[in-house]
Structures are given as structure tokens and as C-alpha cells.
Amino acid sequence: MRITVFRKLMAGEFGQVRAEMIARDHVLSSLGGRTADEALEVGTGAKEVWAAVCDAFEIPENRR
């Protein structure tokens with residue numbers, strides 16, 4: 001998954017402004033205590049980051 005796809009999925013799920021806020025500010029323990037943006041910056045795959053966000057926010061399987 002490309003980062004652009006990740007950003008589109010985030011915006012589709014949370015709305016553009018909230019998606020940016022979550023990616024920047026919400027720390028995810030499953031990503032080693034990093035935010036989504038920090039995880040992407042250190043090279044974590046966008047698909048892994050999206051899965052972590054989905055788990056943290058209990059996004060249903062049909063929207064993952």
C-alpha cells in the first residue's frame with residue numbers, strides 16, 4: 001500500500017482534518033509508541049500502519 005492510499009483511507013474513515021490530527025497526534029502502542037506519521041517516517045509500511053489504526057479505532061473488517 002502506498003502512503004497516498006493510506007492518507008485516502010484515513011480521510012475516508014475520519015474526515016480530512018480529523019485524519020490528519022489522528023495521524024499526527026494519536027500514539028499507537030502496536031507501532032512501538034509512535035504516531036502513524038512517525039511510523040511512516042521511520043519506514044513502517046503503510047499497510048501495517050493502517051492495520052494498527054484500524055485495530056486502535058475498532059474499524060469494522062469491511063472498511064479495512
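Helix axes are taken here as lines fitted to C-alpha atoms over the stretch in contact, with angles running from 0 to 180 degrees between N-to-C directions. In this predicted model, the axes of α1 and α4 come within 9 Å and cross at roughly 20°. Because angles under 35 degrees count as roughly parallel, α1 is classed as roughly parallel to α4, and the crossing of the two helices is right-handed.

The contact is formed on the α1 side by Ile-3, Phe-6, Leu-9, Met-10, Glu-13 and Phe-14, and on the α4 side by Ala-46, Val-49, Trp-50 and Val-53. Sorted by class, the contact of α1 with α4 comprises nine nonpolar residues, no polar residues and one charged residue. In general terms, an α-helix has 3.6 residues a turn, so residues three or four places apart point the same way.

Within α4, the buried residues are Ala-46, Val-49, Trp-50, Ala-52, Val-53 and Cys-54. Beyond the helix, α4 is followed by Glu-58, for which phi is positive, near 50°.

Aromatic pairing was examined next, and the count comes to two aromatic pairs. In one of these, the ring centres of Phe-6 and Trp-50 are 6.3 Å apart and the planes stand at 80°, so the pair is edge-to-face. Since Phe-6 belongs to helix α1 (residues 3–14) and Trp-50 to helix α4 (residues 46–56), this pair ties together parts that are 44 residues apart in sequence. Phe-6 counts as buried because its relative accessibility is 0%, and Trp-50 likewise counts as buried, with a relative accessibility of 5%.

The pairing of Phe-14 with Phe-57 is also edge-to-face, because the ring centres lie 5.2 Å apart with the planes at 65°, where the class requires an angle over 60 degrees. Phe-14 lies in helix α1, whereas Phe-57 is placed in the segment after α4, so that the pair ties together parts 43 residues apart in sequence.

Conventions
Residues are numbered from 1 along each chain as its sequence is written. This is a predicted model: local features need pLDDT of at least 70, side-chain atom pairs count only at pLDDT 80 or more; totals for chains, interfaces and linings use all residues. Side-chain values use heavy atoms; hydrogens and water are left out. Rings of Phe, Tyr and Trp (its six-membered ring) pair if their centres lie within 6.5 Å; planes under 30 degrees apart count as stacked, over 60 as edge-to-face and the rest as tilted. Helices (H or I, at least four residues) and strands (E, at least two) are DSSP runs, numbered from the N terminus. Buried means under 20% relative accessible area, exposed over 50%, partly exposed in between (1.4 Å probe, protein chains only). Angles under 35 degrees count as roughly parallel, over 145 as roughly antiparallel, 65 to 115 as roughly perpendicular and the rest as oblique. A crossing is left-handed if the near helix is turned anticlockwise from the far one by less than a right angle, and right-handed if clockwise. Contact means heavy atoms within 4.5 Å. Ala, Val, Leu, Ile, Met, Phe, Trp, Tyr, Cys and Pro count as nonpolar, Asp, Glu, Lys and Arg as charged, and the others, Gly among them, as polar.
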